[in-house]
Amino acid sequence: MGKILVVDDEKDVETLIMQRFRRAVRAGELEFLFAHDGQEALAMLRARPDIDMVLSDINMPGMDGLSLLDHLPQLNADIRAVMVSAYGDLGNVRAAMNRGAFDFIIKPIDFADLEATIHKTLEACRAVRRLRDALQETRTAEAASRAQAARMRRVLDGSPIGVSIITESGELLYCNHRCLDLFGLAAEEMHRHCAPLLFRHVQDRRPGGGGHPAFRAPLSDELRFVRDDGRAVWMAVSFDQTNYENQPVFIVWLYDVTERKEQAEALRGAKDAAEQALADLERMQGDLIRAEKMAVIGQLIAAVAHEINTPVGIALTAATHLQTASDSIILTFKGGQLRRSDFQDYVGTASEVSTLLVSNIERAAALIQSLKLVTEGKAGSPRSRFDLRDYLSDIVLAVQVQPTAAGHELLLDCPDGLALESYPGALTEVLLALLANAFAHGFETRSTPTAPAPVAAGCEAEEDPPRPGGRVTVSARLTADDRVELRVSDNGRGIPEEIQPRLFQPFATTRRGSGSMGLGLYAVFNLVTGRLGGEIDIESVPGTGTSVILRLPMDAP
């Protein structure tokens with residue numbers, strides 16, 4: 001867009017110009033500014049240094065057009081002035097041109113001539129500016145080039161990398177101090193001995209062995225050089241082709257990699273040793289996980305087997321008592337001495353003993369079922385469909401008889417009708433580990449209570465005073481996205497905040513000094529997210545309790 005300042009004391013000029021050039025103004029090709037004397041024009045030129053052209057009348061009150069011409073070079077040397085006067089005499093024309101006017105227009109104004117003059121003047125302004133910009137760019141580029149060359153030389157002189165500059169004919173133009181140090185030579189010896197070596201190295205590795213494209217990426221290789229002192233030096237060599245002091249050259253970069261070469265074998269050996277150690281560690285970790293699983297299962301089996309002795313012993317005692325009573329009533333009957341009262345006593349004893357037998361045999365059967373679940377519940381067991389409530393009941397029963405659960409409540413909250421198509425063996429390992437953790441880590445250790453003394457049939461046991469204990473709850477529910485959420489929650493001491501972010505990492509434990517290896521939750525995490533295809537999360541508040549949340553699909557992958 002061309003910006004034109006019109007200076008004229010006649011008000012009608014503004015109207016005429018805006019009317020004549022309205023299309024160019026609307027199209028954004030021209031912009032007109034107006035002043036009514038020389039002083040106002042100078043003020044506007046100072047405020048708007050982007051004005052390209054001044055169209056000024058000569059005769060005006062105050063500062064006239066010729067005086068305005070004298071001030072223009074001081075404000076902006078690029079501005080071009082076209083003078084307008086009603087007096088077309090040669091004196092005004094010569095005076096205006098001598099003071100720097102670009103062109104001259106006579107009143108009355110021929111607007112076609114004015115339009116042509118405006119376009120010619122604006123084009124001259126653009127040409128001058130382009131020429132000045134190009135000249136400035138050239139000067140700037142030359143200064144930058146000189147400065148860059150000086151900077152490059154300073155950088156190269158102090159560089160910790162060896163740098164050599166070699167012409168295409170093999171002449172060594174420059175090498176820095178580091179380059180001399182690498183080869184162990186003085187500058188004059190470098191020219192005689194090492195310049196040919198570097199030049200051959202570059203020539204041998206140039207694509208095609210000769211000629212060079214307009215652009216080539218730096219190439220790299222390694223060079224071995226035996227110094228005069230007998231020391232072998234390995235250098236990584238990269239080179240690039242560029243211009244230096246107006247001629248094509250090769251810049252050769254030399255990196256000392258001797259130490260890296262010497263350490264390569266040691267690093268390779270260390271890597272092999274580290275990989276072997278990692279394999280051994282992973283194998284040991286697997287053994288520890290299996291050992292911890294077997295320890296938990298072994299404790300459960302021992303506890304269940306011990307617990308079975310109680311109902312079986314009571315049942316055996318009751319059966320023996322019934323057999324003795326039966327033998328006695330049979331002898332009485334055979335001797336013809338059976339009385340009605342004897343028979344009534346026998347019937348009462350038989351009924352009471354039968355009830356005792358049934359309840360204890362059912363108890364033993366339930367314990368045997370839970371023992372079977374524990375012994376058969378292995379992560380590799382086949383996929384099957386099972387009722388979740390019945391399954392969890394067996395798990396709870398098996399865990400309740402553990403010594404660590406003594407004195408604590410173990411509750412089950414699971415609705416009827418929930419069935420899973422999953423891997424019960426893997427889920428058994430998960431739940432047994434979580435419940436063992438809850439009792440072992442969630443509550444303060446207390447001595448195991450002694451077994452209650454046997455109570456004779458028909459007598460009421462004397463209630464022990466209440467003992468403080470914890471509560472562990474196994475709950476299950478169906479979520480909105482058709483998954484089963486299992487929670488193992490306790491109201492124990494909680495988990496310290498500093499260990500919570502790494503609970504599922506191997507060897508994370510709060511009881512390392514008590515024999516815990518910290519692999520239980522790591523194995524649980526792998527089973528839940530792998531075999532069972534679910535998610536696991538832990539919510540814990542120190543001093544309040546912990547909840548382990550399992551989210552499992554109804555149909556395992």
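Author: Buried means under 20% relative accessible area, exposed means over 50%, and partly exposed lies in between (1.4 Å probe, protein chains only). This is a predicted model, where local features need pLDDT of at least 70, side-chain atom pairs count only at pLDDT 80 or more, and totals for chains, interfaces and linings use all residues. Residues are numbered from 1 along each chain as its sequence is written, and side-chain values use heavy atoms, with hydrogens and water left out.

Reader: Is Glu485 buried or exposed, and what is its relative accessible area?

Author: Glu485 sits in strand S15. Contact means heavy atoms within 4.5 Å. Leaving aside neighbours within four places in sequence, Glu485 is in contact with residues including Ser475, Ala476, Ile549 and Leu550. Glu485 is buried, with a relative accessible area of 8%.

Reader: Which side chain makes a polar contact with the side chain of Glu485?

Author: A polar contact is a pair of N or O atoms within 3.5 Å; within protein, one must be able to donate a hydrogen and the other to accept it, and residues adjacent in sequence count only if both atoms are side-chain atoms. For Glu485, the pair is 3.1 Å apart, and the partner is the side chain of Arg487.

Reader: How many helices and strands does the protein chain have?

Author: Helices (H or I, at least four residues) and strands (E, at least two) are DSSP runs, numbered from the N terminus. Of the 557 residues in the protein chain, 38% count as buried. The protein chain has 13 helices and 17 strands.

Reader: Which residues of strand S16 point to one face and are buried?

Author: Side chains alternate along S16 (residues 535–541).

Reader: How many bridges join S16 to strand S17?

Author: Two strands pair if DSSP finds at least two bridges between them. S16 and S17 form a hairpin with three residues between them, and Gly543 in the turn has a positive phi of about 90 degrees. Ser540 stands opposite Thr546 in S17. The two strands run antiparallel, and the bridges joining them number seven.

Reader: Why do the buried residues of helix H4 line one face of the helix?

Author: In H4 (residues 65–75), the buried residues are Gly65, Leu66, Leu68, Leu69 and Leu72. The arc is that of the directions from the helix axis to the C-beta atoms. Seen down the axis of H4, its buried residues line one face because they fall within an arc of 145 degrees.

Reader: Which residue caps the N-terminal end of H4?

Author: The buried residues of H4 pack against several elements, among them strand S1 (2–7) and helix H5 (90–98). At the N-terminal end of H4, a side-chain oxygen lies 3.4 Å from the backbone nitrogen of Leu66, and the capping residue is Asp64.
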